[in-house]
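Please keep the sequence and the structure in view while going through the numbered points.

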Amino acid sequence: MTSDLPTPPYDLIILGASGFTGKYVVKEALKFLNTPSSPLTSLALAGRNPTKLSQTLTWAAAPNPPPPSVPILTADTSDPHSLRRLCSQTRLVLNCVGPFRLYGEPVVAACVESGCDYLDICGEPEFMERMEASYFDKAAEKGSLVISACGFDSVPAELGVMFNSRQWEGEAVPNRVEAYLSLESDKRIAGNFGTFESAVLGVANALRRSRPKKPRLQIPGPPPSKGPIIEHQKKIGLWAVKLPSADAIVVRRTLGALTENPGGLPGRNKTDEHIKKREAFWSTVKPAHFGVKMGTKSLLGIIRIMIVGLFLGLLGQFSFGRWLLLKFPSFFSVGWFRKEGPSDEEVRSASFKMWFVGHGFSDRSLVSQGNTKPDMEIVTRVMGPEIGYLTTPIILLQCALIVLSQRDNLPKGGVLPAGIVFGATDLQERLQENGVTFDVISKNAISH
């Protein structure tokens, strides 16, 4: 890239580095700082409290001493000047300060204004859609790439759908892909309060937000029926209930962007070789209806999920109810969330499996002949370690390393979902090298 602007002193600044997830992001980043073939040569931590940030650096570097080359910077989401100063010093900001609907916009605004790139771990659809509506044009003009949901929300879903979709080879086409998420642990693990707070605020916003219009997806066959509220998916041994999730909305954003740009989005300084590679990749991704279900091995687990959903749905609609939910998170989440978050031991004991069950047609001509029932099923799976503190930092860092090392192959700027930006890169291979695996489980004909 040719530019008259001086190179910023830092490749990467982690904002909110002393938070529950932020400290694990720092730990992951240190693995790649100044290592052979890593593009990450300089790193800074930022937040409101320098003492806590120093403690985070010591914790993340242990058992080694904290690297002296990682400075501590002060910035506050309520102080736009401090954020602009921060963004002028870096190529890329990793934002770990949530809930994003409360604290995210000033950071996005500062990144866009300065022209630096931005990644976050947001799982809040209302925030993502509002940032796209408010900042897309300016980000594209300034050359700032703003990408939300670069953690467990929603990269495993985005890459998982693409991975399943790409197994439908030749004339075979998917009609729908259903994801079944199973969280597993040897110990009882509690999520952190920030995640619960985002969910509570999400209920309030979901009731009053208007969805932006997106292009209609061209999917062969009829739309799938709603199906039962509770499902026993015997093939994968799970009871499941539909989950209102960011994943489904983010996947639709990516598939919508693909409908408008069938060859993917052009790179900032594209080469003929990269154009061919990108277009070849996207030609193998076939859109499908997509939904997410939460799975457990017992019916009792499903009832527990529904009780928590009921509390959130009923109490999240009014301010006193939200106060109750946030005052007593452990009670209203049936022990799933607590203010102090999980211990390191609990984190290490946990993992996830996300099954993608695709139904479709062995030949697209079957649809034009009036066949409405899919005759083929493909099951794939994404697996990895604990979702919030291990998988999320792994994904965020690999996305960051791609931005730092392959920036010219990525779009010049704009507010975009991770799938359309990173789908044609080597992100899936990088995740597999770092403990998040993708597998084909089965391909079968369906007899009616």
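1. Basis of the note. This is a predicted model, in which local features need pLDDT of at least 70 and side-chain atom pairs count only at pLDDT 80 or more, while totals for chains, interfaces and linings use all residues. Residues are numbered from 1 along each chain as its sequence is written, and side-chain values use heavy atoms, with hydrogens and water left out. Helices (H or I, at least four residues) and strands (E, at least two) are DSSP runs, numbered from the N terminus.

2. Helix H16. This helix covers residues 387-405, and its 19 residues should span 27 Å at 1.5 Å a residue; the end C-alpha atoms are 26 Å apart, which agrees. The expected span is 1.5 Å times one less than the number of residues in the helix. Of the 19 residues of H16, 15 are buried, and the helix is thus mostly covered. Buried here means under 20% relative accessible area, exposed means over 50%, and partly exposed lies in between (1.4 Å probe, protein chains only). At the start of H16, a side-chain oxygen of Glu-386 comes to within 2.9 Å of the backbone nitrogen of Gly-388.

3. H1 against H16. How do helix H1 (residues 20-32) and H16 cross? Their axes come within 9 Å and cross at roughly 50 degrees. Axes are lines fitted to C-alpha atoms, for helices over the stretch in contact, and angles run from 0 to 180 degrees between N-to-C directions. H1 and H16 are therefore oblique to each other, since angles under 35 degrees count as roughly parallel, over 145 as roughly antiparallel, 65 to 115 as roughly perpendicular and the rest as oblique. The crossing of this pair, H1 and H16, is right-handed; a crossing is right-handed if the near helix is turned clockwise from the far one by less than a right angle, and left-handed if anticlockwise. Residues of H1 that meet H16 include Phe-20, Tyr-24 and Phe-32, and among their partners in H16 are Tyr-389, Pro-393 and Leu-397. Contact means heavy atoms within 4.5 Å. An α-helix has 3.6 residues a turn, so residues three or four places apart point the same way.

4. H5 against H6. The axes of helix H5 (residues 105-114) and helix H6 (residues 125-142) come within 9 Å and cross at roughly 10 degrees. H5 and H6 are therefore roughly parallel to each other, and their crossing is right-handed. Among the residues that make the contact are Val-108 and Val-112 of H5, and Phe-127, Met-131 and Tyr-135 of H6.

5. H3 against H5. Helix H3 (residues 80-87) packs on H5 at an angle of about 45 degrees, with the two axes 9 Å apart. H3 and H5 are therefore oblique to each other, and the crossing is right-handed. From H3, Leu-83, Arg-84 and Cys-87 take part in the contact; from H5, the residues include Pro-106 and Cys-111.

6. Cys-111. Leaving aside residues up to four places away in sequence, Cys-111 touches Cys-87, Val-93, Cys-116, Asp-117, Tyr-118 and Ser-144. Cys-111 and Leu-83 are 28 residues apart in sequence, and their C-alpha atoms are 8.1 Å apart in space.

7. Backbone details in loops. The peptide bond from Ala-62 to Pro-63 is cis, with omega near 10 degrees; Pro-63 sits in the loop between helix H2 (50-61) and strand S3 (72-74). The bond from Gly-98 to Pro-99 is also cis, with omega near -5 degrees, and Pro-99 belongs to the loop between strand S4 (90-95) and helix H4 (100-103). In the loop between H1 and strand S2 (43-47) lies Asn-34, whose phi is positive, near 55 degrees. Ser-37 is in the loop between H1 and S2 and has a positive phi near 65 degrees. Ser-37 counts as exposed, at 81% relative accessibility.

8. Lys-235. This residue, Lys-235, is in the loop between strand S9 (230-233) and strand S10 (238-242) and is exposed, with a relative accessible area of 57%. Which residues does Lys-235 contact, leaving aside its neighbours within four places in sequence? They are Glu-377 and Asn-444. The side chains of Lys-235 and Glu-377 are joined by a polar contact of 3.4 Å. A polar contact is a pair of N or O atoms within 3.5 Å; within protein, one must be able to donate a hydrogen and the other to accept it, and residues adjacent in sequence count only if both atoms are side-chain atoms.
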